[in-house]
Amino acid sequence: MSCRHYPLNGMLIRLSVLCVFFITFIDVFECSKAENKLYRDILSGYLKLARPVRYPRNVLKVHMKVFLQQILNLDGQNQIIEVNAWLKYVWMDYRLQWDPLQYDNITSIRFAGGENQIWRPDILLYNSASEDFDSSFKSNEVVYNTGEVNWIPPGIFRASCKMDITYFPFDDQVCYLKFGSWTYHGLALDLSIIAEEDEDEFSIDLSTYTPSGEWHLTKAPAVKDVKFNSCCKEPYSTVTFYMFLRRRTLFYLFNIILPSLLISIMTLMGFCLPAHDMSEKIGYQTTILLSICFFVTIVSEMTPPTSESVPLLGMFFSSLTLISSVSTAFTITVLNFRYRQVQNIHMHPLFYKVFLIWIPWLLLMKRPGVFYKKRRATVQAREEISFFDNGDDDCCPKFPTPEFDYSLSIDSADTLPLPPRPKPLLKKMHSVPAEHLHLDRKVGDGILKSQRRPLVLTKNVNKSHSLRSRRFTQFEKYIKKCIDDAKLRKNSTYSTYSMMIITYYRQIDEMLKLLNRRLDKQRKYLFKQEDWKFAAMALDRLCLLLITILIVMCLFGMIMSTPHFEP
């Protein structure tokens, strides 16, 4: 019989525990009853669609303020600014007033923002770029016993921002957040800015702002604007919160500007390479041009694709690209001058004057053995070696008569009889009378005037011949005189022997003339080839000077055009 009473005893124990629980927490339930009653009393007969004004013609004043937390991104390509901010709205709703003494001194209550239990202004971000347009979080509304309603919805706001990239990356941008009622005009809802006590003018609250690493926020004023539209006679009030941003340029300076500037300076080093190294010189200039084009591509990806303005950095890189292209073209021209062949191209006199006289004189270039005087370039002639020296007055040297049969034929110089102790040719042969005093000298030139060969191609040919040509002319006259003298002595053995020597030396003279003509031709060819090389060197030096001036002007123009520098 006792086992049958066990379930009943268990139920009694559970009921006892529940009674103890309710008795213990009875005070807690009694405390929330006043708040529940307050909610029921306020919401009874409350219509959330009606404006909280006593009369329809009354204007509802709504105050707002923006608390900026952080600038997340400023997209230059799409011209959109993305910020993290809190919005604060304050308005009065007379239907939400109560006496705290009737509700256990409760002075504030909360309403769920997502359930739309009370009236809320339809204020939106006019220049919103979000996909859902209103990206704020629907937080709770805080209602005080005086009827004041505070609503602070946070959110990540994306707004369109018109950007001026003229001075990129030294630019200043002005972005704004424009708020206003979407359906109410100014006679129904007056939107204004919350004024702090310590503020002289309206602005964004920056007390909790986290500075950005890319942008420096210089100031953030707020302005209320009342506009009358052509469609309606009622005014529409809006509130605009501006953000004046200045770009920090340290990143662009060390990652884009300085590398590109160093690459452009390396363009000047290309003109220091010798002109005969064709492949390396052109390859070097082409590599620099491709490097600058790479930086141009990076800059174009950073800037928005607009045709309204050209960024300063883009103009700088375009100038560097143009300079590099011009330097490459000049390099090809220099190599063209360097490898021109004398047999195929004749140097024009004007070209000679420009590239071998004027430009070297202007650039202070010195050519070994060449000096410039009165816009003429002359080269110091080599000293001619004379094979003749002063001797006796006779035509032919007087050798001691050897025992030799002159009737025999002479096949070569080896069969000629020589003295037992032959003297050097300079001692045996008489020197041909030569000019030792130059009568065309000027006052101050001295008695002996050095012979110089003019390099300038002019119509007035120099009348004075070289020392070598004069010596050959005199030698011909001397040989002719010796032949005439030998003919007068036909019957003498001495005359026959002299004629053989003269004939032998005349053959030597003919061979020397042939060799001299060939050497003169080769020397002229080398002189002309060196002229082309020196013209290429002068053009290379001129290009170095011009490219240096262009790069300095480009850099100076960029520095002077920069409105500010904010690291």
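Reader: By the rule used here, how many disulfides does the count come to?
Author: The count comes to one disulfide, a disulfide being a pair of cysteine sulfur atoms within 2.5 Å. Before we go on, a word on the source: this is a predicted model, in which local features need pLDDT of at least 70 and side-chain atom pairs count only at pLDDT 80 or more, while totals for chains, interfaces and linings use all residues. Residues are numbered from 1 along each chain as its sequence is written, and side-chain values use heavy atoms, with hydrogens and water left out.

Reader: What makes the pair C161 and C175 a disulfide?
Author: The two sulfur atoms are 1.9 Å apart, and that falls within the limit, so C161 and C175 qualify. As a reminder, a disulfide is a covalent bond between the sulfur atoms of two cysteines.

Reader: And why is the disulfide of C161 and C175 called left-handed or right-handed?
Author: The torsion about its S-S bond is about -80 degrees, so it is left-handed. C161 sits in the loop between β7 and β8 and C175 in strand β8, so the bond ties together parts 14 residues apart in sequence.

Reader: Which is C161, buried or exposed, and how do you know?
Author: Buried means under 20% relative accessible area, exposed means over 50%, and partly exposed lies in between (1.4 Å probe, protein chains only). C161 has 2%, so it is buried.

Reader: What is C272 called, buried or exposed?
Author: C272 has a relative accessible area of 52%, so it is exposed. C554, at 14%, is buried.

Reader: What makes D41 and K37 a salt bridge?
Author: A salt bridge needs a side-chain nitrogen of Lys or Arg within 4 Å of a carboxyl oxygen of Asp or Glu. For D41 and K37 the closest N and O atoms are 3.0 Å apart, so the pair meets the rule. Side chains of opposite charge can pair when their charged atoms come close. Both residues lie in helix α2 (residues 26–43), four residues apart, about one turn of the helix. D41 is partly exposed at 35%, and K37 is partly exposed at 39%.

Reader: How do you know that R158 and E82 form a salt bridge?
Author: Their closest N and O atoms are 3.7 Å apart, which is within the limit, so the pair counts. It links distant parts of the chain, with R158 in strand β7 and E82 in strand β2 (residues 80–92), 76 residues apart. R158 has 31% relative accessible area, so it is partly exposed.

Reader: How many salt bridges does a search of the whole structure find?
Author: The search finds eleven. One of them joins K138 to D134, at 2.6 Å from N to O; K138 is partly exposed at 32%, and D134 is partly exposed at 27%. Salt bridges also link D171, E214 and R247 in a network.

Reader: Why is E141 called buried?
Author: Its relative accessibility is 1%, so it counts as buried. E141 is found in strand β5 (residues 141–144), and its neighbours (contact means heavy atoms within 4.5 Å) include I109, F111, I118 and W151, leaving aside residues up to four places away in sequence.

Reader: Why is F170 called buried?
Author: F170 has 6% relative accessibility, so it counts as buried. It is placed in the loop between β7 (154–160) and β8 (172–181). The C-alpha atoms of F170 and T562 are separated by 6.3 Å, although the residues are 392 apart along the chain.

Reader: What span does helix α6 reach, and what is expected?
Author: Helix α6 (residues 349–362) has 14 residues and reaches 18 Å from first C-alpha to last, close to the expected 20 Å. The expected span is 1.5 Å times one less than the number of residues. Among the buried residues of α6 are F351, Y352 and F355. L364, which follows α6, has a positive phi near 60 degrees.

Terms used: Helices (H or I, at least four residues) and strands (E, at least two) are DSSP runs, numbered from the N terminus.
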